[in-house]
Amino acid sequence: MTIASGTVREAAIAAPPPRSAAPPARPRKRRQLTRNRWGYAYVAPFFLVFAAFSLYPFMYTAWVSLHETSLSNINGGTWVGLENYRDLLQSEFFWNATRNTFTIGILATVPQLCMALGLAHLLNYKLRGRTFFRTVMLMPYATSIAAATLVFSQLFGRDYGLINTMLEAVGLQAIDWEAGTVSSQVAIAVIVTWRWTGYNALIYLAAMQSIPGELYEAAEIDGASKWKQFLHVTIPSLRPTILFTIVVSTIGAVQLFGEPLLFAGNGTTSGGSSGQYQTLGLLMYQQGWSNFHIGQAATTAWAMFMIILVIVGVNAVIGRLRARADR
Amino acid sequence: MATVSFQQASRIYPKSERPAVDSLDLEIADGEFLVLVGPSGCGKSTSLRMLAGLEEVDTGSIVIGDRDVTDSPPKERDIAMVFQNYALYPHMTVEENMGFALKLAGLSKDERATRVREAAKILDLEPYLSRRPKALSGGQRQRVAMGRAIVRNPQVFLMDEPLSNLDAKLRVQTRTQIAALQRRLGTTTVYVTHDQVEAMTMGDRVAVLKDGVLQQCDTPGVLYDRPANVFVAGFIGSPAMNLVTGDAVDGGVQVGSGMLPVPRDHLTRAAASNGKVTVGFRPETVRLVGPGEGLPVRVNVVEQLGSDAFLYTSLADAPDDVLHSADLVVRTEPRTPVAAGQQLWLGADRGALHVFDAQTQQRVD
Ligand SMILES: Nc1ncnc2c1ncn2[C@@H]1O[C@H](COP(=O)(O)OP(=O)(O)O)[C@@H](O)[C@H]1O
Ligand SMILES: [Mg+2]
């Protein structure tokens, strides 16, 4: 490399001076562009697919949300401007669903990420059969939502559910999980947590393995217990990863749909007899596909998108501020 | 302050047959600067980590002061360690890095700040206290690592190749600074390096390891003047000692077509096992002798250093290839009129000869 470029330079010096400085520069620029063109060509498929299956539906949903229209007549609705948005903000169903989405989201995300951190920490030790445990951890993630939810709704069943049987065995009252607001939301959060904990744990584990072992040895010599090492070495090193998983889990939580849909076992979109676990995802589906107000459903979809945007934005700002404080 | 002693300490890593450290016996005096030196993979780091409590001791024991610490965790040993890559906490400032151990020990904020500032002053780190490690140069990071060790005022400092990530000039500078700092603090120090110059310049005593076995532990002067075996003889000193092996004959050692005179009593003892003798002599003790005497050599390279000159030569009957091009090194007066390709005859001062049994590799006098 060095030899080659040296030769080129010498050749350039030896050659008679060019009439102007521009001509030799141009071919180089063009060559660079050609090289970049290949780069664009390689990423093009992604952007084509993105445009067709994400960007277009996204804009189309915005368009639909400005119309009063039904599922059967999706292109022929009447223009209503922002009326759908006003209706949504005045709808008690929307606020109920928003509240449920948030409470289930917090009930699911917080324990899930904490448990994932703990699990990853344990798996980071040189355990016998590590690979086995890692595989097992990823299995819930590989299970279909429908199958998992059906099994869990059996477990949480009022009359013959395993959990109630156990509660009664230790002398506690059986709980009608599906009927109560808190109990149903806890149950759904358990299903979500069960599915996603292993996935997050693997992400944390990967990040933990890139922390140099010397840091732990230094901390150990400094007199840090295992817990202090976790607190002062592991957690700070994982901060960017933790922020990432919070964002991903939050997006998942706002879009929560399959678990509450199937929790009662019959796939209704009402989210329980009094909507006690109706999430925004369910509400949207109910508006569009049960009540055929597709314009209203598109509005809810956009509201969900805005909520995600705000949460991710807040996270990004927090991350930026922390990074600045770090400097 | 405390003494340190390794007593028949061994470490055998799982799934390996050969011990990484084999029955190490070392007594380190209170306040001493002891250097562990040896080629890469000889078990220096392992020995140090055994002392730190980061590595198990499979057999034998380790004593700090009058306390057997063989089975104690690191934090109960009252030691501080400087790692090769410094191992600074990346998310903590210099001040937090240095004060972390004190914080864990439950010292008050004021007390911590005072001690950190004191150490920072000694190490010239005061302007950087609020910086994070990634905003520091290599030399500054190295000093923070040192600072983290000294704020704790431990019984023993352990340092594992702390200078190996610095450039050559800074390494020489820092070398003297560390040695001076240690003298000033008077803290017992065990220092690991693969660089024999570092070992010789810094250590009160130097322990030479090879394949996990202690070869010799003595002051730099003794190591240089009376190496205990062929390995130490070849390892200590730069350029290395010349070593030739030949048959014991009447009055000396026959090497190829040449003969090196060796005192009779040394010769008989060295030849006791199989009649072969290894003789060593340092480049600065070589004399050029008349044709037909001593060892005939061919000059391959002449290196003029200004203050003196080195001749890199090979035995005249050795094959003429790169492998043997610096078999025997001679230090001469500068501007000696010698050219590459020339034939010379080498002799050595009798008193400067190191005689080893070629079989056991041990020194005989
Ligand atoms: N964690 C380990 N597991 C197995 N073998 C090791 C381990 N660490 C070091 N060794 C082996 O032990 C020997 C001594 O290593 P070390 O003490 O690191 O040498 P050095 O003198 O270069 O510091 C080497 O042969 C090395 O391969
Ligand atoms: Mg080492």
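**A tour of the aromatic rings**

Start in chain B: select Arg148(B) and Tyr89(B), and you'll see the arginine lying over the face of the tyrosine, 4.9 Å from the ring centre. A charge counts as over a ring if NZ of Lys or CZ of Arg is within 6 Å of the ring centre and within 35 degrees of the ring normal. Now pick Arg282(B), which lies over the face of Tyr224(B) at 3.8 Å from the ring centre.

Before moving on, know that this is a predicted model, where local features need pLDDT of at least 70, side-chain atom pairs count only at pLDDT 80 or more, and totals for chains, interfaces and linings use all residues. Residues are numbered from 1 along each chain as its sequence is written, chains are lettered from A in the order in which they are written, and side-chain values use heavy atoms, leaving out hydrogens and water.

Next, ring pairs. Rings of Phe, Tyr and Trp (its six-membered ring) pair if their centres lie within 6.5 Å; planes under 30 degrees apart are stacked, over 60 edge-to-face, and the rest tilted. That gives 24 aromatic pairs over all chains. Select Phe58(A) and Trp302(A): this pair is tilted, at 4.9 Å centre to centre with 40° between the planes. Phe58(A) sits in helix H2 (residues 22-64) and Trp302(A) in helix H13 (residues 294-326), both of chain A, so the pair ties together parts 244 residues apart in sequence. Helices here are DSSP runs (H or I, at least four residues), numbered from the N terminus.

Jump to Phe231(B) and Phe235(B), a stacked pair at 5.6 Å centre to centre and 15° between the planes. Both lie in helix H8 (residues 230-235) of chain B, four residues apart, about one turn of the helix.

Last stop: select Phe152(A), Phe156(A), Trp177(A), Trp194(A), Phe263(A) and Tyr277(A), which form one aromatic cluster.

Technical notes:
Helix = DSSP H or I, 4+ residues; strand = E, 2+ residues; numbered from the N terminus.
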